[in-house]
Every structure is written in C-alpha cells, then in structure tokens.
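Please look at the model below. The questions and answers that follow work through its local geometry, its packing and its confidence scores.

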Amino acid sequence: MPAFQKAEFCKESTEAFKKQRESCLKAGVRIRPVQRQGLEDSNRVDSGKIGIALQNTPGTNMLGTSFKIVGPAKGQGSFGAVYVVEHVHSRRRYAAKVEPVLASLDREIQILKGISHEAILPVLCSHVEDGGLSWYIMPLLPTNLFAYLRSENQFAHGSQDALFNQLMDGLGFLHDRGVVHADIKPGNIVYNPGTEHFYIIDFGIAVVLPTPRGQTTESVYTLAFRPPELIEQGELAPVLTVKADSWAAALTMLEASTRTRFFDGRSKVAIAEKIRSFARELSFGLAGGPHLTKLQGAINNLSPSTQKHVAELIHYDPRRRASCGNVAEELRN
Ligand SMILES: Nc1ncnc2c1ncn2[C@@H]1O[C@H](COP(=O)(O)OP(=O)(O)O)[C@@H](O)[C@H]1O
Ligand SMILES: [Mg+2]
C-alpha cells in the first residue's frame, strides 16, 4: 500500500528538498514530486505548488516495528502527512503524522507535549530522528470538520454549541500558556460525531509568544482565516497576538453554520481584498454592506448565545476583539 506525504517547501528550496530526500532514503522510503491537489482544507490558490509523495517501499516499514500503516487518514485527499496506523500487538488503530525533516515536527511535538486539555488532541508517543523520518501517534478520529461540513451528514441539535464551547475552552487554555495556534480552521479540527467531541490538531505553525523579532506573520493561517491586521502590509510589521485565533475561530463557526467558506475567491489577491473590505465595513458600521449582510446571514443559524460571542470575536480591531479565554469563562457561567 503506497503511503504519501506532502511537503510544501521543496518548491522554494532545493537544499530543503535534498535534505528531505536524504532523510527518506535513510528510512528506506522513496519520494517523487507531485502536483498538490485533493480534498484539502485550504485556500491555497497557488495549488500548482509541487509537493512530494512519499512511498512506502515494499519490505520496509517507515514507522519501525510497533505500528504499521493501513492507509492515508480520511479527509486527506490524495497526499497527506497523516496515516491510519495499526498497533501491531494490540491491533488498535491510531493516527500517525509523519515528516521527513526534523525541525517542524519536532517543534510541534514539543508544544503538544507541554499541553494537556480535553479539546486538544494529545500526542501518545513520538519518534524524532535527526536526519531521518520523525512521527507521532495520536488517537484516530472518524473525520475532520472540513470534510464533515461537506458531507451529507447533519449536525445533531446542540453540536454547533458543543463545537463552539470546546473551541473556546481549548484556545483559552492555549492562550493562557502563551501559545497561538495560528492555523485554526475546520481542517484542523477533528470530530467524533458519536460523542460530540471536537479536538484541535496541527500545531505545525503554532507560535509561542512573545513572537521572535522579525518573525514573518505571512506564514501563519490559511489566507481565508487570517485576520485583517495580518493582511495589511503597512509601515509597521504586523503583530501576531492570541486575538488572531479569535478571528479564525469566528470564521470557523461561520463555516460550520453555512457549510461554505466565508472568504473565498479565485486568487489570493481577491480573498485578501474581501477581508480588507469586510474589515472596512465593520469599522465604519456599514450595515447594508455586502459583507456585513453575508455575516448576518451566516450568524443567524447559530444559537443566540454563540451568535453574540461570534460577533464579539470578529471585531476588526484586535485590541477590542474578544479573547477566547473570556468567552470560555462566560460560557461556563
Ligand atoms: N488524529 C486524527 N484522526 C483522524 N484524522 C486526522 C487526525 N490527525 C489529522 N488527521 C487528518 O489529516 C489532516 C492533516 O493533518 P494535519 O495535522 O492538519 O497536517 P497538515 O500539517 O498537513 O495540515 C487533517 O485535516 C485530518 O483530516
Ligand atoms: Mg492541517
């Protein structure tokens, strides 16, 4: 069974690509360049980007002897970094995230290991190898929120509120510890419809505050979830704060309500322009503006309590935008 792995940065850097290839060869895994495509939760309109497919060479098991790969995780499209695996002894199934270069996955594992919260999916065990493949094992969930919202399945009564409460709780917890997730969106939330549990995943670009000087905020969030303060390229370098996750969480709720992406477009420029004009309508309170009208429509399907908080989370000014921790606190009371 071939298994695939995407890696985004080989387009930019042949050095990085060479390094990846060496790591893969060491682990007995073949790679080949691929055109990124599939059921991805992103607005990566630059989808012509070349990634790599990582193929399990027959006779080798890239996850060592304890786990064997069963197939790609659901909702992953054709190429993904996450696999369904089976624990050889217990025959239980888990999810494994695999990467051929140490730096990014190691960081993700370090952040996740310092966190324990019921709305954040835990790392169960991990393997980090300098120059080889790194991976970690986590509980396997039936679906991600992006895929669920595009399926025939309907949320049970109260599921949207459950999603909102768990999202606010998990993000409030992270923010108290100085961690900005920086990639909140439906594809980074996995879901068990049977138990009504939602879990935040993918700390691949999470930021531990204070942000290092000169860190580029361009690299955070899928564009459609990026707040206006990280879109404007003014004189001052944009500043990433926990309030950016508030905005992305509000947009996630709008997507859960309408089952479509709130900011979509044919190009990055078009999406960024929609976010800018939405922020202008918000700041001037242009009640009849096209984006505010759309916002009203999307918010209407949410419960009254969630509606109120989502409106506070989507403030154009990060200083006046509600924090997830405060919303979680209010929801608890
Ligand atoms: N524990 C899990 N259970 C089920 N599916 C998962 C799990 N973790 C990740 N996935 C699937 O894999 C996809 C990619 O995982 P993610 O950690 O977001 O990696 P990437 O950095 O490639 O975005 C998710 O959108 C989800 O569909
Ligand atoms: Mg992801």
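Q: Where is the place of Glu196?
A: This is a predicted model, in which local features need pLDDT of at least 70, side-chain atom pairs count only at pLDDT 80 or more, and totals for chains, interfaces and linings use all residues. Residues are numbered from 1 along each chain as its sequence is written, while chains are lettered from A and ligands numbered from 1 in the order in which they are written. Helices (H or I, at least four residues) and strands (E, at least two) are DSSP runs, numbered from the N terminus. Glu196 has its place in the loop between strand S10 (189-192) and strand S11 (197-200).

Q: Why does Glu196 count as partly exposed?
A: A residue is buried if 20 or more other C-beta atoms lie within 10 Å of its own, exposed if 12 or fewer, and partly exposed in between, with C-beta atoms placed from the backbone. Glu196 is partly exposed because its number of other C-beta atoms within 10 Å is 15.

Q: Which residues does Glu196 touch, not counting residues up to four places away in sequence?
A: Gln166 is 30 residues from Glu196 along the chain, and their C-alpha atoms are separated by 10.0 Å. Contact requires C-beta atoms, placed from the backbone, to lie within 7 Å. With residues up to four places away in sequence left out, Glu196 touches Ser159 and Ala162.

Q: How far apart in space are Ser66 and His87, C-alpha to C-alpha?
A: Ser66 sits in the loop between strand S2 (50-56) and strand S3 (67-72), and counts as partly exposed with 15 C-beta neighbours inside 10 Å. Not counting residues up to four places away in sequence, Ser66 touches His87 and Val88. Ser66 and His87 are 21 residues apart in sequence, and their C-alpha to C-alpha separation is 5.9 Å.

Q: Is Ala182 buried or exposed?
A: Ala182 lies in the loop between strand S9 (179-180) and S10. Although not a glycine, Ala182 has a positive phi of about 70 degrees. With 24 other C-beta atoms within 10 Å, Ala182 is buried.

Q: What is the phi of Arg259?
A: Arg259 lies in the loop between H5 and H6 and is partly exposed, with 14 other C-beta atoms within 10 Å. Arg259 is not a glycine, yet its phi is positive, at about 65 degrees.

Q: Which residues does a cis peptide bond join?
A: Pro210 is found in the loop between strand S12 (207-208) and H5. The bond has an omega of about 0 degrees, and its two residues are Leu209 and Pro210.

Q: How far apart are the end C-alpha atoms of helix H6?
A: The expected span of a helix is 1.5 Å times one less than its number of residues. For the 17 residues of H6 (residues 268-284), this should come to 24 Å. The model agrees, with end C-alpha atoms separated by 24 Å.

Q: Where do the buried residues of H6 fall, seen down its axis?
A: The buried residues in H6 are Ile271, Ile275, Phe278, Ala279 and Glu281. They line one face of the helix, because they fall within an arc of 160 degrees, taken from the directions from the helix axis to the C-beta atoms. On the other side of H6, the exposed residues are Val269, Ala270, Ser283 and Phe284.

Q: Over residues 35-40, what is the pLDDT?
A: pLDDT is the predictor's confidence in each residue, from 0 to 100. The protein averages 82, and 75% of the residues score at least 70. Where pLDDT is low, the predicted coordinates should not be read in detail. Residues 35-40 have 17 contacts in the model beyond near neighbours in sequence, but their pLDDT is below 50.

Note on methods
Contact = placed C-beta atoms within 7 Å.
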